[in-house]
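Have the model open while you read.

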Amino acid sequence: MTLTVAVAGGTKGLGLTIAEALVVHGKHNVVIFGRKRTPGLDEKLPARLVVVDYENIQNLTEALESNKVSDVICTVNAHGSSLSERNLIHAAENSSTTKRFIPSIFAGFAYPVKYPEVAKSKTEVLEELAKTSLMHTAIYNGMFMDFYGSPLLKSNVGPFPMFVDIASKMAAKPGSGDEAIVLTRVLDIARFVVRILDLAEWPKESYIIGDRVTLHDFVNMAEEARGTKFQVTCDSKEELEAGKITELPCYSATFAAVGKELTKQLYAQNGLWIIGKELDLRPASTLNEIFPDIKPMSLREFLELSWKI
């Protein structure tokens, strides 16, 4: 069955990768919802751009209905507020053509449910969806593997490394480094998202496991890819609870963009989650089991393609 799928926020990042995967798959009609049309943007996008006003529910409803959108995949950047996505959810509920909605969760684990105060905007989105008749699923995929890539391995998602600074050949492991985390390449997330559209029913939560590694093994793989030993430190649970982290060189860009103290809190919280085995996803079922023909890229292969010269 051919659907018309709208990718909200599909002009960059994960949304653009999902839109590209949908177009390559070729089974469904695709439109991209964006806030504005900039010079040259249309030529760079894989599908037709529909300019929408996320502050206007009526405008969003008309955009969904006029394009006969049945499914919405939302990757809109919240910027601390869920209003744009909540408005889109209202519009999808109002639209006579729209039946299903994938919200912009795509999280390392189910922290919007477990820690709503940390993920206020994502929590609000899930609460809003629960009030509707829309079929929906929240996708949990571990950390984006692409955060640790280099320009050698092209990605629509830029670097945002935590704990392992491959460029500087340094690492700061939370705790012992023996706890596992899940990482998934963005392209693999897109592949699973495209295929989930073929399912007649969606679970409330969908899990994708790209690769599962300990921080200790992560550092070893990164050292092998770079061909040299890294300078490695360990941040204890007590240090992280006090908001203290080893400041790796790769953190400087985030310090400048977000603020040093806020960034340190964010990284310390993630470190505590790793120590608490929160990022070691072990759900009852996964999309990997439903679609066994999709073979996600391993972290070792990703690091070799990105960093091995």
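1. Domain bounds here come from an automatic or database domain assignment. For the protein chain, that assignment gives domain 1 (4–136) and domain 2 (144–182 + 211–281 + 292–307). Their centres, taken over C-alpha atoms, are 28 Å apart. Twelve residues from domain 1 and seven residues from domain 2 make the contact (heavy atoms within 4.5 Å).

2. Before you go further: this is a predicted model, with local features needing pLDDT of at least 70 and side-chain atom pairs pLDDT 80 or more, while totals for chains, interfaces and linings use all residues. Residues are numbered from 1 along each chain as its sequence is written, and side-chain values use heavy atoms, without hydrogens and water.

3. Helix α4 (residues 83–94) checks out: its twelve residues should span 16 Å at 1.5 Å a residue, and the end C-alpha atoms are 16 Å apart, so the two agree. The expected span is 1.5 Å times one less than the number of residues; helices are DSSP runs (H or I, at least four residues), strands likewise (E, at least two), numbered from the N terminus.

4. Which residues of α4 are buried? They are S84, E85, N87, L88, I89, A91 and A92, with buried meaning under 20% relative accessible area (1.4 Å probe, protein chains only). These buried residues pack against β1 (4–8), β2 (29–34), α3 (57–66), β4 (71–74), β5 (100–102) and α6 (120–130).

Note on methods. Buried means under 20% relative accessible area, exposed over 50%, partly exposed in between (1.4 Å probe, protein chains only).
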